[in-house]
Amino acid sequence: MKHVHMTPEESVRAYKDLGATYFIPMHYGAFALADETPQEALERLTTAWESHQLPPKYLHVLLHGQTLCYNEIKDHTKFALHV
């Protein structure tokens, strides 16, 4: 999968390289395509996030089917990390 998808650790580095504000992982667990399980991917993502000492309020892991309106994420207390 390396030629098609990033690892959780690579995605955090890309977030930093791009200077993005919010990080919302997409289609984790939606398809059985990755080398890791969906739970392992989220655990590796949060470990990488924490190791880079990034603020948790900018990481938004949505439940399957959950939607997010950009205007709503200004209130960081509405969203919690669901791991």
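**Entry: the model**

I note that this is a predicted model, in which local features need pLDDT of at least 70 and side-chain atom pairs count only at pLDDT 80 or more, while totals for chains, interfaces and linings use all residues. Residues are numbered from 1 along each chain as its sequence is written, and side-chain values use heavy atoms, with hydrogens and water left out.

**Entry: the chain as a whole**

I looked up the secondary structure and found two helices and zero strands. Helices (H or I, at least four residues) and strands (E, at least two) are DSSP runs, numbered from the N terminus. The accessible surface of the protein chain comes to about 5,900 Å², by the Shrake-Rupley method with a 1.4 Å probe; for residues, only the protein chains shown count as cover. Carbon and sulfur atoms hold 56% of that surface. I then turned to contacts, meaning heavy atoms within 4.5 Å. Of the contacts with a separation of 6 or more, 57% join residues 24 or more positions apart.

**Entry: helix α1**

I looked for the buried residues of α1 and listed P8, S11, V12, A14 and Y15. They lie on the same side of α1, because they cover an arc of only 160 degrees around the axis; the arc is that of the directions from the helix axis to the C-beta atoms. These buried residues pack against α2. After α1 comes G19, with a positive phi near 70 degrees.

**Entry: helix α2**

I recorded α2 as residues 38-51, a helix of 14 residues. From first C-alpha to last it reaches 20 Å, close to the 20 Å expected at 1.5 Å a residue; the expected span is 1.5 Å times one less than the number of residues. Its buried residues are A41, L42, L45, T46, A48 and W49. Seen down the axis of α2, they fall within an arc of 160 degrees, so they line one face of the helix. On the other side, E50 and S51 are exposed. The buried residues of α2 pack against α1 (8-18).

I also looked up Q39, which has its place in α2. Q39 is partly exposed, at a relative accessible area of 37%. Between Q39 and Y28 I found eleven residues of sequence separation and 8.7 Å in space, C-alpha to C-alpha.

**Entry: the largest nonpolar core**

Which residues make up the largest nonpolar core? I found eleven in all: V12, Y15, F23, Y28, L42, L45, A48, W49, L54, L59 and V61. A nonpolar core is a set of buried Ala, Val, Leu, Ile, Met, Phe, Trp, Tyr and Cys residues joined through side-chain atoms within 4.5 Å. The elements giving two or more residues to this core are α1 and α2, and α2 gives the most, with four. I note as background that nonpolar side chains tend to be buried together in soluble globular proteins.

Leaving aside residues up to four places away in sequence, Y28 touches L42, V61, L62, L63 and H64.

**Entry: salt bridges**

How many salt bridges does the structure hold? I found two, a salt bridge being a side-chain nitrogen of Lys or Arg within 4 Å of a carboxyl oxygen of Asp or Glu. In one, the side chains of R44 and E9 meet at 2.7 Å, N to O. This pair links distant parts of the chain, with R44 in helix α2 and E9 in helix α1, 35 residues apart. R44 also forms a salt bridge with E40, at 3.9 Å, N to O. R44 and E40 both lie in α2, four residues apart, about one turn of the helix.

R44 counts as partly exposed at 24% relative accessibility, E9 counts as partly exposed at 25%, and E40 counts as partly exposed at 34%.

**Entry: Q53**

Where is Q53 found? I located Q53 in the segment after α2. Its phi is near 55 degrees, a positive value in a residue other than glycine. Most residues other than glycine have a negative phi. Q53 is exposed, with a relative accessible area of 70%.

Note on methods. Buried means under 20% relative accessible area, exposed over 50%, partly exposed in between (1.4 Å probe, protein chains only).
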